[in-house]
Amino acid sequence: DARHISLRIFKKDGGIVRSYFSNDLAPDVSGVNIPLYWIRPFQALSSKKGAHRFCWDLRYDDYHRELNDKYSSSFPIAAIYRQTVPEPEAPLVMPGMYRIELQVDGKKYTQFLEVKMDPHVQTPPEELQRQFDLSITTYGYCYITQRYLLMNEPLREMLTLAAPKLSGDRLDSLKLLE
């Protein structure tokens, strides 16, 4: 089927939360550090005609999936059968209203969705907001750090190759730089 389908979730203020596309590829899980039966199966957005069920995990987009597999294929030790996802996980959304936009071959369908607080959780809204803010900030810094590490891998390889050719103060400076 050649149809192009997208599903996007937006915050009330219009900011994008999550995007799914019919041409999304399943992540490469070869070489992961756990048995494959622990990993949550990839959920593709179907482009076939008919009614389909699609589950949003109530998380923001996973920015880490665009990074090198070396950094995105680490799984936690607290595995859940067929539900374990790579670390770090994107933050969960806050309770509130969200706009869901399904686009099929250029035609948009919009629906609103309310994410409600678990009634068993008694965390005050202000504290929940503080936890969310910290989660978003930490996730962002983790992503920036991983991008920095990836960008600097060629430099680190050059430093490793140069080390045997240096001695004294130059070698000390190189080790300090590394």
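Student: Why is Tyr-81 called exposed?
Tutor: In this predicted model, the relative accessibility of Tyr-81 is 52%. Exposed means over 50%, so Tyr-81 counts as exposed.

Student: Where is Tyr-81, and what is it in contact with?
Tutor: Tyr-81 lies in the loop between helix H1 (69-72) and E3. Leaving aside neighbours within four places in sequence, Tyr-81 is in contact with Tyr-37 and Trp-38.

Student: Why does Leu-166 count as partly exposed?
Tutor: Leu-166 has 27% relative accessibility. Buried needs a value under 20% and exposed a value over 50%, so Leu-166 falls in between and counts as partly exposed. Its place is in the loop between helix H3 (153-162) and helix H4 (168-177).

Student: What makes E3 and E4 a pair of strands?
Tutor: Pairing requires at least two bridges. Strand E3 (residues 96-104) and strand E4 (residues 107-115) have nine, in the antiparallel sense, so they pair. One of the bridges joins Gln-103 to Lys-108 in E4. Two residues sit between the strands of this hairpin, and Asp-105 takes a positive phi near 50°.

Student: Which residues have the most contacts inside the largest nonpolar core?
Tutor: That core has 18 residues, and those with the most contacts inside it include Val-93, Trp-56 and Tyr-98. Strands E1 (5-11) and E2 (16-21), E3 and helix H2 (125-151) each give two or more residues to this core.

Student: What is Val-93 in contact with?
Tutor: Beyond its neighbours within four places in sequence, the contacts of Val-93 include Val-17, Trp-56, Tyr-98 and Phe-132.

Note on methods. Residues are numbered from 1 along each chain as its sequence is written. This is a predicted model: local features need pLDDT of at least 70, side-chain atom pairs count only at pLDDT 80 or more; totals for chains, interfaces and linings use all residues. Side-chain values use heavy atoms; hydrogens and water are left out. Helices (H or I, at least four residues) and strands (E, at least two) are DSSP runs, numbered from the N terminus. Buried means under 20% relative accessible area, exposed over 50%, partly exposed in between (1.4 Å probe, protein chains only). A nonpolar core is a set of buried Ala, Val, Leu, Ile, Met, Phe, Trp, Tyr and Cys residues joined through side-chain atoms within 4.5 Å. Contact means heavy atoms within 4.5 Å.
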